[in-house]
Amino acid sequence: MARCAAFIFLLSFGVVSHLSHGIEVQVKNEDKLCLYANLTVSFSVTYEVAVNKKKTVSFGLPTSALSNESKCDKTSSVLKLSFADGHSWSVTFSLKDKSYQADAITFVYNLNDSNVFPDSSSKDTVTVKAKPDIKDVGVNMCYLCKSKDTIIASPQANMTLSDVLIQAFVINGTKSKNQTVCPADKPAPTTPTPTTVAPTTNATTVAPTTNATTVAPTTNATTVAPTTNTTTVAPATNATTAAPPTTPTPTLPTPTVGNYSIKHDANSTACLLANFGLRIGFTQNKKYQEVNFDPATEVSGSCGVDNSELTLVSNNITVSLSFYNDTKKFRLHALNVTINTSSGVFAQSSTNLSLWEAAVGSSYMCNKEQNFTITDLLSIYTFSLHVQPFGVKKGLYSTAEECFLDSDLSFLVPIAVGVALSFLIILVLISYLIGRRKSRTGYQSV
């Protein structure tokens, strides 16, 4: 069961990555298989490396993880995998009636492990929990989910599961071949395109032509009976009904502007200020949709010399913004968005941005709507934006550097005035020259 674990460490832009691999686990009770699992798990953890400095590390559950603390009985099962120096990942299951579910996922990570968390300023062991979406699995069924499922356990830690095959309660020691497939793996229902033909009756109805030949009543008159040779073609429904016009997606209202601030401590003034309305456009399962971000109910972050962080949580959406200061200018250089939807978890991020740039000691402002493409699957729209992540004094914004969209009108006004004045001057000169020429002509004639 235990295979050689391969770790690859990549240290770049403050992010450390370790490759993840699938692991197969067989838990036995009295020499009989009682729990089976084959899955891939990867983790992403953000931690402090110095005062107001953070680093993000990504690593996978190694194939060498130990499962000796896993156990199962008739109504409950625990899959626990321990690895490296004080880390573990576990799932608890419960059986009720004829189906089972996963009750909780627990991830324990040791920040004192310098191999996984280099330069960590903390030596603590952190425990986070989350509720997985594994439920209503038949007692003699395996749960199958090949799709990636990202679970946000805390603002600092998340887990991504993929290629999951689990049977938490194995009957008679034999793994079942029957499977319950997760919603993300099921093909999206295809709605047939309606070809309802508008009742255009291409009926060719020949008017009842009475081809009756009646001979005038003469003596010995032969009267041909009025035969109605009416040829009526039945109302053929050769309908080519055009599809009904699609109802356009309703336009979302302008997002409500949220006002956010971060302080070093409760007794200090704000060191980071941000006001903006936010709309998020994202593509999930090949379907594009947009959602307004309501003002955050949870606000956290930090202020540093060259890095500042702002994390906002509202309903089922988490937005994390990272600002960088190169001593001359600041900019938004990283963005992470996570959305819990009915189709699963959507998560996208970029760490190579250069947005909202302004001189250090000033703020950045853009009242107009702005649209930024973050990744192929993620876009954001900002409204009434005003941010200052560095150099905030007395908790107030410094002089703002405006975006081009806000300043374009201020450029156009003087240009328009200048053009108008030039035009008037030209008209005056032309009038003067014409008048002077007429005056000379008058003198010459005298």
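## Basis of the description

Helices (H or I, at least four residues) and strands (E, at least two) are taken here as DSSP runs, numbered from the N terminus. Trp-356, for example, is found in strand S24 (residues 355–359). The structure is a predicted model, in which local features need pLDDT of at least 70 and side-chain atom pairs count only at pLDDT 80 or more, whereas totals for chains, interfaces and linings use all residues. Residues are numbered from 1 along each chain as its sequence is written, and side-chain values use heavy atoms, with hydrogens and water left out.

## Overall make-up

The protein holds 28 strands and one helix. Of its 446 residues, 37% count as buried, a term that stands for under 20% relative accessible area, with exposed meaning over 50% and partly exposed in between (1.4 Å probe, protein chains only). The accessible surface comes to about 26200 Å², and carbon and sulfur atoms contribute 55% of it; such areas come from the Shrake-Rupley method with a 1.4 Å probe, and for residues only the protein chains shown count as cover.

Contact means heavy atoms within 4.5 Å. Among the contacts in the protein with a separation of 6 or more, 54% are between residues 24 or more positions apart.

## Nonpolar cores

A nonpolar core is a set of buried Ala, Val, Leu, Ile, Met, Phe, Trp, Tyr and Cys residues joined through side-chain atoms within 4.5 Å. The largest such core has 47 residues, of which Trp-89 and Met-159 touch the most other members. Strand S4 (residues 32–50) supplies the largest share of this core, namely eight residues. Another core, of 38 residues, lies apart from it and includes Leu-335, Val-337, Ile-339 and Leu-353. In soluble globular proteins, nonpolar side chains tend to be buried together.

## Aromatic pairs

Rings of Phe, Tyr and Trp (its six-membered ring) pair if their centres lie within 6.5 Å, and planes under 30 degrees apart count as stacked, over 60 as edge-to-face and the rest as tilted. The structure holds 17 aromatic pairs. One of them joins Phe-107 and Tyr-109, a tilted pair with 5.1 Å centre to centre and 35 degrees between the planes, and both of these residues are buried. In another, the rings of Phe-282 and Phe-346 have centres 4.9 Å apart and planes at 45 degrees, so this pair is tilted as well. The latter pair links distant parts of the chain, with Phe-282 in strand S17 (residues 270–284) and Phe-346 in strand S23 (residues 344–350), 64 residues apart. Phe-282 is buried at a relative accessible area of 3%, and Phe-346 is buried at 4%.

Ring pairs also link Phe-43, Tyr-47, Phe-59, Phe-83, Phe-107, Tyr-109 and Phe-117 into a cluster. Within strand S7 (residues 76–83) lies Phe-83, which is buried with a relative accessible area of 6%. When residues up to four places away in sequence are not counted, Phe-83 touches Phe-43, Phe-59, Leu-61, Pro-62, Ala-65, Ser-88 and Trp-89. The C-alpha atoms of Phe-83 and Leu-61 are separated by 7.7 Å, although these residues are 22 residues apart along the chain.

## Strand pairing around S9

Two strands pair if DSSP finds at least two bridges between them. Strand S9 (residues 99–110) pairs with strand S8 (residues 87–96) in the antiparallel sense over nine bridges, and Thr-92 has Ala-104 in S9 as its bridge partner. The hairpin of S8 and S9 has two residues between the strands, and here Asp-97 takes a positive phi near 55 degrees.

S9 also pairs in the antiparallel sense with strand S10 (residues 125–130), over six bridges, where the bridge partner of Ile-105 is Ala-130. A further antiparallel pairing joins S9 to strand S11 (residues 137–138) over two bridges, with Tyr-100 opposite Val-137 in S11.

## Two residues with positive phi

Asp-31 is not a glycine, yet has a positive phi of about 65 degrees. Asp-31 is found in the loop between strand S3 (22–29) and S4, and at 74% relative accessibility it counts as exposed. Trp-356, likewise not a glycine, has a positive phi of about 55 degrees, but at 4% relative accessibility Trp-356 counts as buried.
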